[in-house]
Amino acid sequence: MTQISYREAVRGAIRRAMQQDKRVFLMGEDVGHYGGCYAVSKGLLEEFGPDRIRDTPLSESAFTGAGIGAAMGGMRPIVEIMTCNFSLLALDQIMNNAATIRHMSGGQFNVPIVIRLATGGGRQLAAQHSHSLEGWYAHIPGIRVLAPGTVEDAGGMLSAALNDPDPVLIFENALLYNDTAEIDEPVDVDIDHAAVRREGNNISLITYGGSLGKTLAAAEQLEADGISAEVIDLRVLRPLDDDTILASIAKTRRCVIIDEGWRSGSISAEIMARIIEQRFWDLDAPLARVCSEEVPMPYAKHLEEAALPSLQKIVAAARAAVGR
């Protein structure tokens, strides 16, 4: 077992992939000489050279499109986008090309590209660097959307994603890069299913990514009050693992969804709809959710903290759901 950080887990997965397959390369803004805006690719330029660790201009549409073309040409590109806010400049490439080419070509061409994006608030980087847009991408058929919330998943999901014949987007919450854990490397990770991170009987707390730690802490606090909370880590936002979600609902009959995205049109709204469609008669209380406030993410620390899901908000929502 080795103590490594979330950042080191991602870097290790990139290194192993590049050592094992010469078709794999990394490109994005500042991934080379600077080592990545979150230092994920630090040292890789010296190890693999500029042909495989490629600094790009500030042009998300251009370098994402180049990655899509390279994937169609037989390469295995990893594209890094500094923040998911900037990915909107590449949305046409992701949605109209990467996600559709297999369908539009009648299965003649596929796009085995992996796009890594930093997501989430909490770093006082203000609105244009701090939003959580993974729920938007989970709306798009033709791509897989992953949200690793643990160090183990951070490394293992990248390796699994590179083996996927279709586009995979990995949303890495930037607050997690310094998290550490003892894990064996390399780690084989399932990118099809959610995970039960904590067993419980009174209520299901469903979350992912950067909200996982807060939700587990909330479950600890609820346990002290005699409320047994089950914590589901979605891990895969598209396709959603309905079976794990619904099995938990059948057991606990109450649910709160914690989602760092905005409430309207969110991934939490989709999960609530699926529960109502398939397990309405199992519920003993209305579904609830804790999302970010519907404002551009504030810069001021106290306002940013107020806008994000918090342990206190999660605990309050869970208590209300169980009538305490």
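1. Sixteen-residue lining, largest pocket. The largest pocket has 16 lining residues, and those nearest its centre are Ala17, Gln20, Ser159, Leu162 and Asn163. Helix H1 (6-20) and helix H7 (151-162) are the elements that give two or more residues to this lining. A pocket here is an open set of points on a 1 Å grid over the protein atoms alone, where a 1.4 Å probe fits, with protein on both sides within 12 Å along at least five of seven lines; lining residues have an atom within 4 Å of a point. Helices (H or I, at least four residues) and strands (E, at least two) are DSSP runs numbered from the N terminus.

2. Basis of the values. This is a predicted model, in which local features need pLDDT of at least 70 and side-chain atom pairs count only at pLDDT 80 or more, while totals for chains, interfaces and linings use all residues. Residues are numbered from 1 along each chain as its sequence is written, and side-chain values use heavy atoms, with hydrogens and water left out.

3. Volume and composition of the largest pocket. The largest pocket holds about 300 Å³ of space, a volume being the space filled by probe spheres set on the grid points, which are joined across faces, edges and corners. Its lining comprises eight nonpolar, four polar and four charged residues. Ala, Val, Leu, Ile, Met, Phe, Trp, Tyr, Cys and Pro count as nonpolar, Asp, Glu, Lys and Arg as charged, and the others, Gly among them, as polar.

4. Second largest pocket. About 190 Å³ of space lies in this pocket. Its lining has 13 residues, with Ala138, His139, Arg238, Ile267 and Glu270 closest to the centre. Strand S12 (236-238) and helix H10 (267-279) each supply at least two lining residues, and H10 gives the most, with four. By class, the lining has six nonpolar, four polar and three charged residues. The second largest pocket lies between domain 1 (2-183) and domain 2 (195-322), because both give residues to its lining. The domain bounds come from an automatic or database domain assignment.

5. The centres of domain 1 and domain 2, taken over C-alpha atoms, are 26 Å apart. Domain 1 puts 30 residues into the contact and domain 2 puts in 24, where contact means heavy atoms within 4.5 Å. About 2100 Å² is buried between the domains, 56% of it from carbon and sulfur atoms. Gln124, His131 and Ala147 supply 24% of the area that domain 1 buries against domain 2, more than any other three residues. Buried area is the accessible area (1.4 Å probe) that two parts lose on being put together, summed over both.

6. Salt bridges. Two salt bridges are found across the interface of domain 1 and domain 2, each a side-chain nitrogen of Lys or Arg within 4 Å of a carboxyl oxygen of Asp or Glu. Arg235 forms a salt bridge with Asp153, with 2.8 Å between the closest N and O atoms.

7. Backbone points to check. The Arg238 to Pro239 peptide bond is cis, with omega near 0 degrees; Pro239 is in the loop between S12 and helix H9 (242-252). Gln124 is a residue other than glycine with a positive phi, near 55 degrees, and lies in the loop between strand S5 (114-119) and helix H6 (134-137).
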